[in-house]
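Student: Please take a close look at a single part of this model and then relate it to the rest of the chain.

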Amino acid sequence: MRRLTLPSAVARWAVRNARIPTALLRDPAGRPDGEGLVGLDLIIDGDRIAAVGPGLDLGDLPFVDAGLGMVLPCPVDIHTHLDKGHIWPRAPNPDGTRDRAIETVGADRAAHWTAEDVRARMEFGLACAYAHGTAAIRTHLDSLGPQIRISWPVFGEIRDRWRDRIDLEATPLFGIEFALDDAHLAAVAEMVGEFGRVLGAVTYPGAVLRPALDRMFRLAADKGWDLDFHIDETGDASVNTLATVAETALAHRFEGKILAGHCCALSLLPEDERRRTIDLVARAGIAVVSLPMCNMYLQEREEGTPRWRGTTAFKELAEAGVPVMIASDNTRDSFYAHGDLDMAEVWREGTRILHLDHPFGDWARTVAATPADVMRRPERGRIGAGLPADFILFTARTMTEWLARPQSDRIVIRRGRPIAAVPPFYAALDHLEGLKP
């Protein structure tokens, strides 16, 4: 399977003896094992999956024998920062804390973020994600001052250029207090109206929080936009803006989708307040994305050896019926020195950090079907007849085999064909100021 080759004239072919998580099947098929995997065959016809099921009659179709290897739909990365990516060589975080990350990125943005700089780094990140198999990405775009009219048009160009490879959408990122600035909100709304449909901000506790949220909810409702907030990315257990966001959503009877990112402090709240907040989130229909690698990196840097993992109350949210997911967040910038927009790595590390195992259950949805639903892309993140033939073949036959290695021998299938893309060399960014080692 590692040397998969198909004649260019072959449009209809099959995969035999594959194992797929039942959580990622659009239609139930077969009997799952103890890890939630089921043995199935797939028939591919052009750029679509024609059939999925156990023991399909393949006739004389050419086929690939997966040898019981896993097949996963191409994942969906719902929380990234493509505009920040890969600035680490010129903007390293001196102590790994979030406060220093904010300062360092702000200085780098002011000094370097021209259209050319942003475009090159965003293209580099997308090339990495595509080679690893990602099919859809939502990125936050720093939307402050003159950067608004630099980054958003660049995003629009890139979205159109990558349309046949990665589904892209963007949401603005700015401090919630700027929602009360008429000129700022008008400039952001213009860009969202032209290049997107998701409004967002970073929430902080304080007197401006409720009026600023009210304004954003009204604007999103008037425009028919969804909302995406950075919330409570802190280890301060006295902070709980998540509850305020949920109360505001209920008060406005907001009908769009709401995504809350990070929500780290939720896991540190007193139990009764945590339960009350989770109940509010569930009633408000808010989905939550955890960024396990980045938040484990940033949190508790000031106190020696960290005592917690920096993540939200993930399983408790899921038990309450809240849609939960995990995503990449930052890559090689001041907020996270590592990462490559590889959702296989995100799922592998997320499983270890959040204990998404014993049983594995439906957790596979967190990197595929659930974020696809939040992004309003129901054809993504699933395997099923009639869906796009966008999936990844692995030699790993079980979840423990899959989690044990980085899966560098994966085969990415897009539009029914294996791709030859590989992650770009970092030297491709050497022409940008300060990025050459």
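Where does Glu 300 lie?

Tutor: Glu 300 lies in the loop between α8 (292-298) and α9 (314-319); helices (H or I, at least four residues) and strands (E, at least two) are DSSP runs, numbered from the N terminus. The model is predicted, so local features need pLDDT of at least 70 and side-chain atom pairs count only at pLDDT 80 or more, while totals for chains, interfaces and linings use all residues. Residues are numbered from 1 along each chain as its sequence is written, and side-chain values use heavy atoms, with hydrogens and water left out.

The backbone of Glu 300 deserves attention: its phi is near 60°, a positive value in a residue other than glycine. Most residues other than glycine have a negative phi, and most peptide bonds are trans. Glu 300 is buried, with a relative accessible area of 17%; buried means under 20%, exposed over 50%, and partly exposed in between (1.4 Å probe, protein chains only).

His 355 also has a positive phi, of about 60°, although it is not a glycine. His 355 lies in the loop between α10 and α11 and is partly exposed, with a relative accessible area of 42%. The loop between α10 (343-354) and α11 (369-374) also holds Pro 359, and the peptide bond from His 358 to Pro 359 is cis, with omega near 5°.

Next come the rings. The charged end of Arg 301 sits over the ring of Tyr 297, 4.4 Å from its centre; this label requires NZ of Lys or CZ of Arg within 6 Å of the ring centre and within 35 degrees of the ring normal. Arg 16 lies over the face of Phe 63, at 5.0 Å from the ring centre.

The structure also holds nine aromatic pairs. Rings of Phe, Tyr and Trp (its six-membered ring) pair if their centres lie within 6.5 Å; planes under 30 degrees apart count as stacked, over 60 as edge-to-face and the rest as tilted. One of these pairs is Tyr 130 with Trp 162, edge-to-face at 6.1 Å centre to centre and 75° between the planes. Tyr 130 belongs to helix α2 (residues 115-132) and Trp 162 to the loop between α3 (148-161) and β8 (167-173), so the pair ties together parts that are 32 residues apart in sequence. Both Tyr 130 and Trp 162 are buried.

Phe 217 and Phe 254 form an edge-to-face pair, with 5.3 Å between centres and 85° between the planes. This pair links distant parts of the chain, 37 residues apart: Phe 217 in helix α5 (residues 209-223) and Phe 254 in the loop between α6 (241-252) and β11 (258-262).

Not counting residues up to four places away in sequence, Thr 241 touches Thr 203, Tyr 204, Pro 205, Leu 209, Ile 231 and Asp 232, where contact means heavy atoms within 4.5 Å.
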